[in-house]
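Dear colleague,

Please find the structure below. My notes on what was found in it follow directly after.

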Amino acid sequence: MYKILVVDDEPQIVRVVQGFLIKMGFEVAEATGGEEAIELLRSDIKIDLMIVDLKMPKISGIDVLSEMNKLNRKQPAIILTGSIDTSKYLKELKDFGYTIKDILHKPVDLFALLDLVKNKLQIV
Amino acid sequence: MADDKLRGELIKKYQWAGKIRFISFFLLFIFLILMKLCGGHSYLTFALVALIFVEAILNQPHTFLIKKVNIYRFQFYQMIVDIIVISWVLYLMGGLEAPVVSIVYYAVILWAGVVSGDAAVLFAVFSSSIFFSLVIILEHFGALPAISYFNHKMPAAQMFSLLLGNVAFMFAFGYFSVHSSGVIKFLERKRQEDSLRYMHKLLATGYLVGGTAHDILNYLATIKGNIQMLSISEGRSGEQRERLKSIIDSESRCANLVYRLARFSKEPEKEFAPTDINKAIEDAFELTWPLARYSKMAVERVLKPKIPLILGNKDEIQEVFVTLILNSLDAISAKPKGGTLTIKTEYLKDKELVGIIFADTGTGIKQDDLKRIGEPFFTTKEPEKGAGLGLTIAYGIIARHKGKIDVASTADEGATFTIRIPAIQLTQNSALEVGQTG
């Protein structure tokens, strides 16, 4: 079973996404904030995919992705953001190997999220 | 820097004045030559021509000249030479016989009001009166060779009455000049104030929309997600599904609206970069200068040189400073005697914080109001002066910079806003990398 890490500073969103993914048959780890996410990434927990918010207090989504890179974790990630203009993040995201196709905007359609998750995990 | 700015403005005006003077003197010179060619009296004396030339050339405020002279005093030298030339020409043209020449005095008086201030007008009026009177009286009583084209000697009573009439008119004109230049300056200030306030308001609204959009979208995401979860649960009737779908449709429209609205406005999270606080203060000061310059507010800046940089967005930080300066301006303007705004920067080495202090001697903040500072839409100002968002936004911006604002105030004595923002640790380059926050 695939394990997905959901990172968002808004607990309600974590709960919804987590609930949905569990219903769809995934295993979910949650982090309400960048620090928690980094802690989880540093532990030896198995993660197949990360869904991460960009705009979070203290440690942002970019910081989490950067840390993930440093830790040499190779799992794919989906960016789920409430920011209107993501163009300014794109350059940094590109450095980590992400494109505009990896970004979903809030309020997200859960089924669109599911499609992207399946795509990333290469589930047919 | 304020003096530099004032100096710059003054120099610009001088350069204008210099050009106008050059043309006037050139015309005067042509006029004098023409008069001679026509066979009239020779007005051309060597000394006058020399003076005209020196005046016309010296009044071209060349940069090299302006750098060397006290620009404020220079205008008085210019005026006195102008008035001597005018008086000389007036004398050569027959004194009271050619009253039309005295109109030129009025040009000097009016110009003094527009370009400089009340002191210059007073100076122009007094020196015009004195030189004019001297020429007329000395000529009348024979100290200067009499020049008359009608071979007629005026009785002393007539001379004095004309002389007094002219002098009285100079003073009246001086009053007019002071008054009208005051009106012009007031209108100019009002226009600048309106545009600055409007810009400020626009910026504030932008921040507000941009700042709330992200939150609204987050809430909408929760709503949409939960509704979708409900619709996929088993055992939903067709009607229930219909209703849930209708909620999602409305939610989508709402999200669209927020996107459209937010795209029109500025997003609050911007590029963070190492920022010099002192520079931001200078820039904010420059932005508010059109308002401050004519106000009763004196601004003192005690900026610590080579202060450590902070990690932040210069435009946002500047916006905070503009807000605080404008607030102080309002508080000080409400006091009949005016007051001082002291802007100080400091570095707290032990806490590694940069401190910025805005202390004014304005009307202060009442104890009850102190608690409500920063609350959205809370204001003690008249509706046209502010919506009560300036400090709300300032608090938001400083919070994004991981800083803090403290307010202390005694009613009627003044208010002090202290801002603390973490300094960049220059030893750790990593601090520069963790730029994206909030």
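This is a predicted model: local features need pLDDT of at least 70, side-chain atom pairs count only at pLDDT 80 or more; totals for chains, interfaces and linings use all residues.

Residues are numbered from 1 along each chain as its sequence is written, and chains are lettered from A and ligands numbered from 1 in the order in which they are written.

Chain A

Chain A has five helices and five strands, and from the N terminus its elements run β-α-β-α-β-α-β-α-β-α. Helices (H or I, at least four residues) and strands (E, at least two) are DSSP runs, numbered from the N terminus. Of its 124 residues, 41% count as buried; a residue is buried if 20 or more other C-beta atoms lie within 10 Å of its own, exposed if 12 or fewer, and partly exposed in between, with C-beta atoms placed from the backbone.

The strands form an open sheet in the order β2-β1-β3-β4-β5, with parallel pairing. Two strands pair if DSSP finds at least two bridges between them. Because β2 (27-31) and β5 (103-105) of chain A each have a single partner strand, they stand at the edges, and one side of each is left without a neighbour in the sheet. The twist averages 20° from one strand to the next. Five bridges join β1(A) and β2(A) in the parallel sense, and A:Val6 has A:Glu30 in β2(A) as its bridge partner. Helix α2(A) lies across β1, β2 and β3 of chain A and runs at about 130° to β2(A); axes are lines fitted to C-alpha atoms, for helices over the stretch in contact, and angles run from 0 to 180 degrees between N-to-C directions.

In helix α3 (residues 61-70) of chain A, the buried residues are A:Gly61, A:Ile62, A:Asp63, A:Val64, A:Leu65 and A:Met68. They pack against β1 (3-7), α2 (34-42), β3 (49-52), β4 (77-81) and α4 (87-95) of chain A. Just after α3(A), A:Asn72 takes a positive phi of about 65°.

Nonpolar cores

The largest nonpolar core has 44 residues, of which A:Val7, A:Val17, A:Ala37, A:Ile51, A:Val52 and A:Val64 touch the most other members. Such a core is a set of buried Ala, Val, Leu, Ile, Met, Phe, Trp, Tyr and Cys residues joined through C-beta atoms within 7 Å. Its largest share, six residues, comes from α1(A). Apart from it lies another core, of 41 residues, including B:Ile277 and B:Leu329. B:Ile277 is also among the buried residues of α9(B), as are B:Ala280 and B:Phe285.

Where the chains meet

In total, 22 residues of chain A are in contact (C-beta atoms, placed from the backbone, within 7 Å) with 24 residues of chain B. On the side of chain A that touches chain B, α1 (11-23) and α3 are the elements that give two or more residues, and α1(A) gives the most, with six.

Yours sincerely

Technical notes: Two residues are in contact if their C-beta atoms, placed from the backbone, lie within 7 Å.
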